[in-house]
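This short report is meant to be read with the sequence and the 3D structure side by side. Please look at the two together before going on.

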Amino acid sequence: MQVAHFTERPVRYLHEDEVLKNRAYFAVSNRHFDREKAADDYNYYLDEACYCEELGFDGVALNEHHGNPFCMGNVMNVEAAILARITNRVRIILIGNPLPTIKHPLRMAEELAEIDLISRGRLITGWVRGAGSEQFFNNANPAYNREMFNEAHDFIVQAWTKPGPWRYEGKHFHYRHVNPWALPYQQPHPPMWIPGVLSPETVRWCAEHRYPYIGLGTSLGPTCDLWDIYAEEAQKHGYQAGPENFGYLIPTFLAETEDKAQKLGRQFAFGGGQNAFSRPEHTLPPGYNSKAAIRRLASQPRGSWLGVSRDKLMQQRSGANPDGVNYDEVRDKLTQGYQRSQENLQTIVGTPKTVIPKVKTLLRVLRPGIFTFFSVQGQVSNEDRLTSIRLMAEEVMPAIKEYAKEIELVDPFEREPGSVKLQAETQRAPVVDREPLAALGLV
Amino acid sequence: MANWTEETVKVAGTELVLVRGGAGRPLLMLHDELGYPGWVSWNDALAEEREFIIPLQPGFGKSPRLDWVRSYRDLGGFYARVLREMNLAPIDVIAFSAGGYIAAEMAASDPHIFSHMVLSAPMGLKPTEGEIFDFLAVTIRTCLMQTVSNPEAPDFAKIYGGEMTPEQFELFEDARAETARLGWEPFMYNPSLGHLLEGVTQLPTLLIWGQEDAVVPRGCIDAYQKAIPSAQVVEIPRVGHRPEVEDPETFMQVVKAFLAS
């Protein structure tokens, strides 16, 4: 099992009220940007990744977001390129390049090839559609999001593998001269791992391409269902899915004492946490969702969009919070949410002693070949962040790697995804183990 | 209350759903970016003397989407073909908001396709000042509220009152998705359209604008006036983006007078 470390590289100097006032991270004004603190933290987070390598993590992961203080990684490839030079052993895992929002797959192919070359073959590419807010920021047409994703992916694979010059005229991209002289170090190209949050369409696409799918901390029951969808699709393509096809990422924070861990781990909920990433109007731009997803949303009784009665039409729903909101009350609610999230095993906080069994449960249920710790958000000091990472590596990682070996969680480097043949008529092997869920009340 | 029907016609290489209602000379109506809102009082008022022909825009949940249509210019071309094949041109048109954009594209391409053109709060041209409201960046709830200055207006309540059903929600999302697909950038206008419209000199044109319009600024009307100096302009006070909903009587008077001229 591959064990990696991930951080959003959060902005740590912003007052929480600015995010709460805005009801989300996206669109908080950049008038609050601080160049000294930003410069400090871009450098600190790079040092943190090097520390992860020293401690023995198999990989360091980066992601990309635009226009919000939740994540400083606005041009992830810049950070990846630096890490390619200043690290020696870790895999550099990108979760992932938002293909439809960047809209220039040839440039993407060149950038990633350079990173792979400088790192001498340690890049793991990952492709994402980009969150709803990314479409607005980059002016990427949400109605063409999935088409652009598919076309860009197909183009990049060709650009990396088909000798040039050749000419490409697609639906969304046109290149009259494809002949990149930066080609990947890894052959035929770097591995591709696809992060996601419960989209069956994406999962089926991954299974078809034999790309490992990385669940981003999604709740266990639905994640099991999604893994099953992957495995069914895999069977249609003639192979048995296994741990080599799955990864899981989970918010984790460790400290020397339970009290300290709980107190600092609460920073995952800073500003509202992941749930406050962007407001509804930015989260699901028109055209972004498939028809099927819209239909599902429409039938949920308590969606933000339903119940547009004449009374409710009177209430403003878009935009920031009005003045006069009590943010301490909001903070209390967030703390409750944080507790619940731990009960659901969607946030793991504690000392190594309390964290190890929880991680083992995740591994037992989801059987991932790739496991990624997602470090704390909000305003936690360098020292406390590094302590958490050190405890992850020195205490938790050995225990969970041993357990992973016990239950045969092979990773994609030990066993090629898609290599285990399976006939259509044969009963496929399960890819998850739901038994612990009932005991935990998490069905 | 006039009788109206919804029918599917095989035309222009596809199936197009049309609402037809009323009796008399045909009148093409191009609905807005939220979709056909249903038959309301101003339709009744005109249906006594005109037959409405209301295509339900492809991709809005009824008529199938046309993948080859990738812009409002393409859509205008499609509708032009529909009119030719159904032998309806030249025809009077009344068009609302993004529907106005479509009509303008059709007129720019072939002024003879219309005998009168009524554009109510039309998009399609970059406003000389101000901006077209980014209705794609707000929730559907905010979007609807933005279109009227008085949500108590009877027809508005008739169309949008009560709980939104899952079907209605889906239709709204279809409409917004298709509008995003066609009008994403430049947002709801075409930089060349004004230039092309300058060549349209013989088409009687009426521009209607509610003075409280919070979606399409006066600058869009100014832009249309620049392109079509002979156009009549009527501003209706105390109404927003949908004068036909908020003040159907005034709207009807203005439209009837113009169509009769």
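## The sheet of chain B

In chain B, 8 strands form an open sheet of mixed pairing, in the order β1-β2-β4-β3-β5-β6-β7-β8; strands (E, at least two residues) and helices (H or I, at least four residues) are DSSP runs numbered from the N terminus, and two strands pair if DSSP finds at least two bridges between them. The edge strands, each pairing on one side only, are β1 (4–11) and β8 (232–236) of chain B. Direction ignored, neighbouring strands of this sheet are turned by 25 degrees against each other on average, where axes are lines fitted to C-alpha atoms, for helices over the stretch in contact, and angles run from 0 to 180 degrees between N-to-C directions.

The model is predicted: local features need pLDDT of at least 70 and side-chain atom pairs count only at pLDDT 80 or more, while totals for chains, interfaces and linings use all residues. Residues are numbered from 1 along each chain as its sequence is written, and chains are lettered from A and ligands numbered from 1 in the order in which they are written.

## An edge strand and a helix

The strands β1(B) and β2 (residues 14–22) of chain B run antiparallel and are joined by 8 bridges, with Thr5(B) standing opposite Arg20(B) in β2(B). Helix α8 (residues 218–227) of chain B packs on the sheet, where this helix touches β6 (114–120), β7 (205–210) and β8 of chain B, and its direction makes about 170 degrees with that of β7(B).

## Where the chains meet

The contact takes 28 residues from chain A and 27 residues from chain B, two residues being in contact if their C-beta atoms, placed from the backbone, lie within 7 Å. On the side of chain A that touches chain B, the largest share, 4 residues, comes from α12(A).
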